[in-house]
Amino acid sequence: MQANELISSSLTSVHPEDDGEKTLRLMEDLRVNHLAVVRNSFYLGIISEKEILSWQNTTDFIEDHLDELSSPFVLNNQHLFDIVQEIELNSLSIIPVLDEKQNYLGAITNRKLLYTIAKSTSIQSLGGMIVLQIKENDYCMSEIARIVENNNAKILSSYITSIPQNQIIELTIKLNKIDIKSIVKDFERYDYNIIASYKSTDNDNNFIDRYESLMRFLNP
């Protein structure tokens, strides 16, 4: 999924001539901590609630603080994973989307991203999850897939987080099999460090209730 498919229709931008008080009210209404600053479709940067509250006077105009703004963005054809990375890297509640000519097209909220990921087939499919901690030099996805497939299972999705200072990665794999005990045992047999494993079942009502509550929160 690309950025232009995730733009929020309800999210608006602010103009440099808007003041801090108006911007804070708008952030509260939209339930975000950031807004894009745009003039004549040209993206000038992103302003945060924290920045406005740090001003000596929150009635200042944004125009007076343009040089203090950062300007993270994604292009309209960038993939979902690139968007997640940019939001996480900059600790944002929204990410502006630009076209190839740097025109502002809109913005994506982190809530929309979470909703999109949660609705993906691999997340909703019944099956188990295993989290492995691996040294970067020892990481080999083909070997991990072979261990899974030797147990008559498939990897539906995978996600990597890194711990750079220790040259270690954490790999989360979602499987299409609920009973993952044999897979866990095989990983242990090959000296993999398993830091967590989970399984979901079709009668896990508590999980379903919590998932539906999350969806209602994200889309009131």
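Which residues in helix 3 are buried? In the predicted model described here, local features need a pLDDT of at least 70 and side-chain atom pairs count only at pLDDT 80 or more, whereas totals for chains, interfaces and linings use all residues. Residues are numbered from 1 along each chain as its sequence is written, and side-chain values use heavy atoms, with hydrogens and water left out.

The buried residues of helix 3 are Leu-80, Ile-83 and Ile-87. Here a residue is buried when its relative accessible area is under 20%, exposed when it is over 50%, and partly exposed in between, with a 1.4 Å probe and protein chains only. Helices (DSSP runs of H or I, at least four residues) and strands (runs of E, at least two) are numbered from the N terminus. An α-helix has 3.6 residues a turn, so residues three or four places apart point the same way. On the face turned away from the buried side, helix 3 carries the exposed residues Phe-81, Gln-85, Glu-88 and Leu-89.

The protein chain as a whole contains eight helices and nine strands. Of its 220 residues, 38% count as buried. Its accessible surface comes to about 13100 Å², of which 47% belongs to carbon and sulfur atoms; such areas come from the Shrake-Rupley method with a 1.4 Å probe, and for residues only the protein chains shown count as cover. Among contacts (heavy atoms within 4.5 Å) with a separation of 6 or more, 61% join residues 24 or more positions apart.

In soluble globular proteins, nonpolar side chains tend to be buried together. A nonpolar core is defined as a set of buried Ala, Val, Leu, Ile, Met, Phe, Trp, Tyr and Cys residues joined through side-chain atoms within 4.5 Å. The largest such core has 32 residues, and those with the most contacts inside it are Leu-35, Ile-47, Ile-83 and Ile-108. At least two residues of this core are supplied by each of helix 1 (20–30), strand 1 (34–39), strand 2 (42–48), helix 3 (80–90), strand 4 (94–98) and strand 5 (104–109). When residues up to four places away in sequence are not counted, Ile-83 touches Gln-2, Ala-3, Leu-6, Val-74, Gln-78, Ile-95, Ile-108 and Leu-113. A second, separate core of 17 residues includes Ile-144, Ile-147, Ile-180 and Val-184.

Aromatic rings were examined next. Rings of Phe, Tyr and Trp (its six-membered ring) pair if their centres lie within 6.5 Å; planes under 30 degrees apart count as stacked, over 60 as edge-to-face and the rest as tilted. By this rule there are three aromatic pairs. The rings of Tyr-43 and Phe-73 have centres 6.4 Å apart and planes at 75°, so this pair is edge-to-face. Tyr-43 lies in strand 2 and Phe-73 in the loop between helix 2 (49–54) and strand 3 (74–75), so that the pair links parts of the chain 30 residues apart. Tyr-43 counts as buried at 7% relative accessibility, whereas Phe-73, at 30%, counts as partly exposed. Tyr-43 also forms a stacked pair with Tyr-104, at 6.5 Å centre to centre and 20° between the planes. Tyr-104 lies in strand 5, so this pair ties together parts that are 61 residues apart in sequence. Tyr-104 counts as buried at 15% relative accessibility.

Asn-176, in the loop between strand 8 (168–175) and helix 7 (181–189), counts as partly exposed at 38% relative accessibility. The C-alpha atoms of Asn-176 and Gly-127 are separated by 4.7 Å, although the two residues are 49 residues apart along the chain. Apart from neighbours within four places in sequence, Asn-176 is in contact with Leu-126, Gly-127, Ala-153, Lys-154 and Leu-156. A polar atom of the Asn-176 side chain lies 2.8 Å from the backbone nitrogen of Lys-154.

Most residues other than glycine have a negative phi, and most peptide bonds are trans. Ser-91, in the loop between helix 3 and strand 4, has a positive phi near 55° and counts as exposed at 58% relative accessibility. Asn-152 also has a positive phi near 55°. Asn-152 is found in the loop between helix 6 (141–149) and strand 7 (155–163) and is exposed, with a relative accessible area of 70%.

Technical notes: Polar contact = N/O pair within 3.5 Å; in protein donor to acceptor, adjacent residues only side chain to side chain.
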